[in-house]
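Q: I'm new to this structure and would like a close look at one of its helices. Could you walk me through how that part sits in the whole?

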Amino acid sequence: MNEILRIFPAPMKDKLKQENIEWESLTEIRVRVLRPIELVYPTYSKLVTHIIPTERDAGFMLSQLSEFSIYTLEDELRQGYITIEGGHRVGIAGKVNTEHGFVKAIRHLTFFNIRIARQLKHVSQAYLPYLYNGRYVNTLLIGPPQCGKTTFLRDLVRNISNGFRQFPPSKVGVIDERSEIAACKNGVPQHDVGVRTDVMDACPKAEGMMMMIRSMSPDILFVDEIGSEKDVHALMEALYAGVTVICSVHGFTMEEIKNRPSLKPLFDYKAFERYITFSNKPKPGTITSILDEKD
């Protein structure tokens, strides 16, 4: 975890190294100025009461994250997170500056959430037969936050890009607006997303879908967390262009998704042929149903 520890000032780094941190199951390190550091695990969290970051420590961390050039990260700072080597994402919060009602920048950063990136491979392989019928079919993944949708989606990207057993490889395009699928650092994916995959990183989904189709002509387009009317319009345009779309959406049930006004056109036009619903109970990644468009 050197790519994470390098973020911290030397005294804090030394203290963290002395902690009995279970790195293999750690999910987050939360840093708050003048408050204890919090170590977050899947079922509990722990406050490290003898490590209290100062404003100077926060400034050091921001310099490390920006590699001493804060201006190169202005767009990421406006989004509220920074992706570092290894695919780890650092969420940031603090004093927000606005201009004409829009976020211009985040200043006085005093809160950091270091989310530990881990790739879970092979989680989608058993489900490929449900998504392939001589070709891959348009598929929507449905589930609440932190239920494993993005992990499953990333593994699908890798398997479809590389090919797996009787399933042929395909050209894949990923629209990764929040850098969660490929976790690009300077445009280079930090996660294994397959050998035939092209990524449009940190690009709004609506614009990115058509850009990817025009520039890279993918067979299959992957998009994470659709929701707005603009997303839906662009997704419909992609389908009309003959591209297979596999994407995810926040929600608990099919009924809830169908009742969402912005998503209604997708159901009116029967855009998807498969629906996979996820739950985080008893654990993230639990698939509760696989439905056809006719169901």
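A: Of the 295 residues in the protein chain of this predicted model, 49% count as buried. The chain holds 10 helices and 15 strands, and its C-alpha trace spans about 60 × 45 × 35 Å along the principal axes. A compact globule with 295 residues would have a radius of gyration near 19 Å, and the 20 Å found for this chain agrees with that.

Now let's turn to helix 8, residues 229-240. At 1.5 Å a residue, its 12 residues should span 16 Å, and the end C-alpha atoms are 17 Å apart, which agrees. Its buried residues are Asp 231, Val 232, Ala 234, Leu 235, Met 236, Ala 238 and Leu 239. An α-helix has 3.6 residues a turn, so residues three or four places apart point the same way.

What do the buried residues of helix 8 pack against? Their partners are helix 7 (205-216), strand 12 (220-223), strand 13 (244-250) and helix 10 (264-268). Just after helix 8, Gly 242 takes a positive phi of about 85°.

The largest nonpolar core has 30 residues, and Leu 235 is among those with the most contacts inside it, along with Leu 140, Leu 221, Ile 226 and Leu 266. Strand 7 (139-143) and helix 9 (254-258) are among the elements that give two or more residues to this core, while helix 8 gives the most, with 6 residues. Leu 221 touches Ala 238, and its other contacts include Met 209, Ile 213 and Val 245. A second, separate core of 28 residues includes Ile 21, Leu 39, Leu 62 and Leu 65.

Definitions and conventions. Residues numbered from 1 in each chain as written. Predicted model: local features only at pLDDT ≥ 70, side-chain atom pairs only at ≥ 80, totals over all residues. Heavy atoms only, no water. Helix = DSSP H or I, 4+ residues; strand = E, 2+ residues; numbered from the N terminus. Expected span 1.5 Å × (residues − 1). Buried < 20%, exposed > 50% of the residue type's maximum accessible area, 1.4 Å probe, protein only. Contact = heavy atoms within 4.5 Å. Core = buried A, V, L, I, M, F, W, Y, C linked by side-chain atoms within 4.5 Å. Rg over C-alpha atoms; globule rule 2.2 N^0.38 Å.
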